[in-house]
Every structure is written in C-alpha cells, then in structure tokens.
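Me: Please take a close look at a single part of this model. I would like the aromatic rings and the contacts around them.

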Amino acid sequence: MGHSQQDKRKTHERIVVIASKRLREKGLDGVGVADLMKEAGLTVGGFYKHFASRDELVAEAMQSAFGAWSAKVRSEGRTPEDIPLQEYAAIYLSGKHRDDTAGGCPFAALTADLARSGERCRSLATDQLKTSVNNMQARIDATDEAEARSKAIIMSCLMSGALGLARISNDEAFGDEILDTVKAFVNEFGTK
C-alpha cells in the first residue's frame, strides 16, 4: 500500500471514530458532516473522498461503535463471552459508563434513533443485538438453553434501559441508585 493510500485509510478511520463518538453523544441526526470534518481537521469537500454519502458514514460509525467494547476486551487478551456476568454488570452498570455517552453502549444512547434509521444501520444493530444476547446467554447460569436465552434477552433489555434512564436523570444519586438496583437484580437473576 502506498504512502498516500495508507494516509487516506488512517484519515478515513479517524473520521469514523470521531463520528462514532459524536453520534452517540448527539444522536444520529444531531451532528452534521461539516462539524465532523472540522473536528477531524478536514474540509467538507474532502468528505466525498472517503464516503459516498452521510448514510455510509453513519453505518460505518455505528459498526465501529458496536465493535468498540469487544475490541477493547480482545486487546486485553480476553473475549467478551469469557467475562463473568457479575463483572460485566459491574462494568456496564457503572457511573463511569453512564457518564461516557460518547464511548459507551450505542444501544443505551441511540435506541430510538437506530429504530428510525435506514436499513443498513438497522441490520447492523440487529446483528449486534443478536451477538450481545448470545454473549449474555453464555454468562447465564440456567437449567436449560431456553431459560438462559430468556434471561439473556431480559437482562440485555434491562441493562441498556437502566443505563439510558440513569443518563436521563440529572440527580446523580438517583442515577446511581438505578444502576445499583439493576446490577443487584441482574446478578441475582442471572445466577438462579
């Protein structure tokens, strides 16, 4: 790969990472191409050297957001499936995660936006939801696969909903209470 192609790839990746964070912060329609390119230190005209459309950028940014946590875990020499339920709940339902909308779970940040997004984003989100539920199912202590699957779906919905509601609250103590209550429930519910 030539130097200019390598630079173009790095620039493309930088734009996607920035978009991934800003879209989680401000919503899928909350940030424009001009703002993203400015933050990346580029001009709006350069956008089309990297993407055919804004929808293409949004889809790539969401793919990046969906894979960010798994990539971090893998870089530490672990797999997402190997993280025990209690550890996963402690990480996911933490004040740190609540306060990091830009770097956190895209489902908690963008549920309604993703439901209204284009087919490509919805397909990416659906694939990630299935992966997340499967990973959660692997963490669950249950008498059979059907019970583990049901618990995985319930806990995935409960956890992303709790994180989203804790982010809504402008009362930090109440937000912490939401997270701690759901964390305790998930730990108990997942081990019965």
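Reply: Here is a walk through the ring pairs and the charges over rings.

This is a predicted model, where local features need pLDDT of at least 70, side-chain atom pairs count only at pLDDT 80 or more, and totals for chains, interfaces and linings use all residues. Residues are numbered from 1 along each chain as its sequence is written, and side-chain values use heavy atoms, with hydrogens and water left out.

Rings of Phe, Tyr and Trp (its six-membered ring) pair if their centres lie within 6.5 Å. The count is six aromatic pairs. One of them is F185 with F189: the ring centres are 5.3 Å apart and the planes meet at 15°, so this pair is stacked (planes under 30 degrees apart; over 60 is edge-to-face, the rest tilted).

F189, at 22%, is partly exposed.

The charged end of K151 sits over the F189 ring, 5.1 Å from its centre. The rule asks for NZ of Lys or CZ of Arg within 6 Å of the ring centre and within 35 degrees of the ring normal. R139 does this with Y88, at 4.1 Å from the ring centre. R139 is among the buried residues of helix α7.

Elsewhere, ring pairs link F47, Y48 and F51 into a cluster. F51 is touched by E56 (contact: heavy atoms within 4.5 Å).

Methods
Buried < 20%, exposed > 50% of the residue type's maximum accessible area, 1.4 Å probe, protein only. Helix = DSSP H or I, 4+ residues; strand = E, 2+ residues; numbered from the N terminus. Lists of a residue's contacts leave out its neighbours within four places in sequence.
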